[in-house]
There are 2 protein chains.
Amino acid sequence: MPLTLVSLTVTMKRVMKQHFLLAMSLGVSWNAIAHAQDLGNFRVAELGRCMLENGTAIDPCRMGFRTFGRLNTDGTNVVLFPMWFGGKTSELASKIGAGYLLDSTKYYIIAIDPFGNGSPSNTKTPQGGFPLFTIGDLVRVAYRLLTEELHLSRLHAVVGISMGAMQAFQWAVSYPDFAERIVPIAGSPQVTSYDMLLWETVIRAIDASQECRSCDPVRVFAPLIYLLLQTPEYRVRETPPEQFPSFLKTILDGERQDYRPEDLKSQMRAKLKHDVARPFGGNLEAAAKRVKASMLIVVAAGDHIQRPEPAREFARLTASRLVELQSDCGHLSTDCDAKRLAAEVNIFLGR
Amino acid sequence: MPLTLVSLTVTMKRVMKQHFLLAMSLGVSWNAIAHAQDLGNFRVAELGRCMLENGTAIDPCRMGFRTFGRLNTDGTNVVLFPMWFGGKTSELASKIGAGYLLDSTKYYIIAIDPFGNGSPSNTKTPQGGFPLFTIGDLVRVAYRLLTEELHLSRLHAVVGISMGAMQAFQWAVSYPDFAERIVPIAGSPQVTSYDMLLWETVIRAIDASQECRSCDPVRVFAPLIYLLLQTPEYRVRETPPEQFPSFLKTILDGERQDYRPEDLKSQMRAKLKHDVARPFGGNLEAAAKRVKASMLIVVAAGDHIQRPEPAREFARLTASRLVELQSDCGHLSTDCDAKRLAAEVNIFLGR
């Protein structure tokens, strides 16, 4: 294959991969396709034994890292970039260059592959997965890499996205004298009850896929529904992180009543096929022309269980009154805004 | 047990049950605790054979329904209330009465238990679950119940919430001469790609729990992450419903690369424990006092993968510049807003 074609294929594959990648990532900027990609220099640091917060160790402890640009003579242009969840340093090319997030013409960028991203940082780990490490552990190992391996005593900045931003916050607090600037992007210094609900749900869903026979579906179903039923704002406000275990128990107990999974699935399948315009080739306008009743259409603006867009459109097509509930209760706005809802409905019914 | 205590216990149990119930529901208004509850009159209609859109039948076809209030002499005060997803008519008490959503002092309210809600409408169904029924099927069966069983030829209104609102939209189009008023609340006339992603994910999560041994976790993981990675607005706009199957295939293929579930879980567990304030008893202010670096903190306002609240608070506590990305790309705002992000970060790094 001609080299240009190989290169194009590789670029496209990387672009495709980045775009759909594991999430949490930035994905790729599509204009990066036209951008000459810098793969940096990849190395692996052998750190021997890495002690973890929980008292166990990863040994041998290998950390893959990748550098872009050049270290200046006084060593004052180092920018550390810890990776996002599931991210590998090999996916960074689209963010590198003048005018991009990481300007390798000015800065010497060090990107580190964390444990658990499938990179060489994982090589010697047992099949069963890593011992429980923390964001603090990732930062401590990175600190060892920077000081013991690269003999650096100072960073111009730490810039991180998502899980990388969690690490950036940790750097700010754990090593306050090491980095002059810290830029956490779409990350957090502390987990919220909403984040806990999210990752608890995802872990349970993966667990269920790996080994389940007649498991209790509520274990996954309940947290998954509550993840979307109200807004994240509502969850964060109503449930402090320390109350998360009792919140989780309450929703599991609440859902574990007299519902059979097959029943639930039958209704979900009905919802999945729902389209009043199906006899009209999906044309909502044609369906709307059939309507003779007077309609009052109520939607919840922040609803993640039932999207309001088609209902809004139907209100427009039928010239119906549209009421938008604006609470942060999401799909349960009908409960939080029960008084306004009852008033609107009763006025309408009495006309 | 004294009757009042029994009654209180039953009321509390029902209230608790309603509040945490299966979701999609309104839950209960807590002020309804003080509200004398009307359980209505429950009956079951024997409809013989109910043909479904897909050509199969439910036979015998029994529909449970519950009435509240009194039919007036000219039969002009009937309000139909089709139930929400997973809802039973026995859960309606808190919405009934003068000043509530359904005013049983004025209207004769007929609430119908749909197939698949665990009520007597399910009694004779096989253990394996229902044949594939549609929202249209639920409406057609309800129409038979109203006309054949109750000999009604007209409805004052149809009022429905969530899956009940889907049925209300269907009533408006399928039987345009039957109801004078239609009130769909938090429902939709058409499924969107976001709704499809949601219910596809939930069904897969339940399926995985029921029967999985070394299943491919990406089958659940990928749709679950994409449910939250961008905003629903973004998904609805970018993916027309007819493109949903190819969208789903693309994200599954994209995620099914070189990630091991154990690796993913190790990083999620690290995220779940993240708290820079842990050494300070969870006190973010104390943690913030440790910071010496200058910080630029970037959050995405509509981020459902990483809640911005703690990062905003940390910006306040450290008097750092806070940049809020406002696109509808959710956690991927860092990609959609890549130019602004790069500009902000590079100005900050160059100071």
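Predicted model: local features only at pLDDT ≥ 70, side-chain atom pairs only at ≥ 80, totals over all residues.
**Entry 1: symmetry.** A turn of 180° and a shift of 0.0 Å along the axis do it, with an RMSD of 0.0 Å. That is the relation of a two-fold axis. I then looked for the part of chain B that sits closest to that axis: the nearest C-alpha belongs to B:Cys212, 2.4 Å away.

**Entry 2: the contact between the chains.**

Entry 3: Strand β8 of chain A, residues 179–185, pairs with strand β10 of chain B, residues 294–300, in the parallel sense over three bridges. Here I found A:Ile182 opposite B:Met295. Then I looked at β10 of chain A, residues 294–300, and found it paired with β8 of chain B, residues 179–185, also parallel and over three bridges. In that pairing A:Val298 stands opposite B:Ile185.

Entry 4: Which strands make up the open sheet, and in what order? I followed eight of them: β11(A)-β10(A)-β8(B)-β7(B)-β5(B)-β6(B)-β4(B)-β1(B), with mixed pairing. At the edges I noted β11 (321–325) of chain A and β1 (41–46) of chain B, each pairing on one side only. From one strand to the next the twist averages 20°.

**Entry 5: a helix across the sheet strands.** I turned to α2(B) and found it lying across β1, β4 (62–68), β5 (78–82) and β6 (108–112) of chain B. The helix runs at about 65° to β4(B).

**Entry 6: two helices of chain B.** Helix α2 (residues 135–149) packs on helix α3 (residues 163–174) in chain B, at an angle of about 70° and with the axes 9 Å apart. An angle of 65 to 115 degrees counts as roughly perpendicular, so α2(B) is roughly perpendicular to α3(B). The crossing is right-handed. From α2(B) I listed B:Ile135, B:Gly136, B:Leu138 and B:Val139 in the contact, and from α3(B) B:Met166, B:Gln167, B:Gln170, B:Trp171 and B:Ser174. My tally for this contact is five nonpolar, four polar and no charged residues.

How values were computed
Residues numbered from 1 in each chain as written. Chains lettered and ligands numbered in written order. Pairing = 2+ DSSP bridges. Helix = DSSP H or I, 4+ residues; strand = E, 2+ residues; numbered from the N terminus. Axes fitted to C-alpha atoms, helices over the stretch in contact; angles between N-to-C directions. Parallel < 35°, antiparallel > 145°, perpendicular 65-115°, else oblique. Left-handed = near helix turned anticlockwise from the far one by under 90°. Contact = placed C-beta atoms within 7 Å. Nonpolar A, V, L, I, M, F, W, Y, C, P; charged D, E, K, R; others polar. Least-squares fit on C-alpha atoms with pLDDT ≥ 70 in both.
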